[in-house]
Amino acid sequence: MGKILTSKRPIRVVVADDDPDTVLTLAFILDDEGYEVRRAYSGSEALEAVKGFEPDAVVLDLGMPPPNGWEVARAIREMPDGVRPLLIAISGQYVKPTDRVITEKAGFDHFFPKPCDPKRVLELLSKLASDPI
């Protein structure tokens, strides 16, 4: 995939997972593709990044220590200032159909089981790049 070209600014993405390798790998790929990336290694760091960074998308691991990905998603959706980033859940632990229903109810837009194929994430984010920010 090529670099993202937008007339206003790069697409902003928060990548949050308690597994540093997952965060670093996905952040490196996104950065290389031209996205502006913030890394978070816990649910509380993810919430802080969303508040200060105003991302267009957030990739959240569901199984982080409290607050977990579901709690973070609910908190993002309840933010009063109209923050509505694309929420992408990833998990290697919570992959049952019931987990996916809970993920949807928490406000996630998409779900990918781990290991997550970065190409699928890039496909979703490329749609944001084609829409004006």
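User: So pLDDT is the predictor's confidence in each residue, from 0 to 100. What does the protein average?

Analyst: The average pLDDT is 88, and 91% of the residues score at least 70. This is a predicted model, where local features need pLDDT of at least 70, side-chain atom pairs count only at pLDDT 80 or more, and totals for chains, interfaces and linings use all residues. Residues are numbered from 1 along each chain as its sequence is written, and side-chain values use heavy atoms, leaving out hydrogens and water.

User: Where does pLDDT stay under 50?

Analyst: Over residues 1–7. The model has ten contacts (heavy atoms within 4.5 Å) for that stretch, counting beyond four places in sequence.

User: Switching to helices. How do α3 and α4 cross?

Analyst: Helix α3 covers residues 69–77 and helix α4 covers 97–106. Their axes come within 8 Å and cross at roughly 25 degrees. That makes α3 roughly parallel to α4 (angles under 35 degrees; over 145 is roughly antiparallel, 65 to 115 roughly perpendicular, the rest oblique). Axes are lines fitted to C-alpha atoms, for helices over the stretch in contact, with angles from 0 to 180 degrees between N-to-C directions. Helices (H or I, at least four residues) and strands (E, at least two) are DSSP runs, numbered from the N terminus.

User: Which residues meet there?

Analyst: From α3, Trp70, Ala73, Arg74 and Arg77. From α4, Asp99, Ile102, Thr103 and Ala106.

User: Tell me about Arg77. What else is Arg77 in contact with?

Analyst: Arg77 sits in helix α3. Leaving aside neighbours within four places in sequence, its contacts are Arg84, Pro85, Leu87, Ala106, Gly107 and Asp109.

User: And how far is Arg77 from Ser42?

Analyst: Their C-alpha atoms are separated by 18 Å. Along the chain, the two are 35 residues apart.

User: New topic: which peptide bond at Pro67 is cis?

Analyst: The bond from Pro66 to Pro67, with omega near -5 degrees. Pro67 is in the loop between β3 (57–61) and α3.

User: What joins Lys114 and Pro115?

Analyst: A cis peptide bond, with omega about -5 degrees. Pro115 lies in the loop between β5 (110–113) and α5 (118–130).

User: Last one. What is phi of Glu54?

Analyst: Near 50 degrees, which is positive in a residue other than glycine. Glu54 is in the loop between α2 (43–53) and β3.
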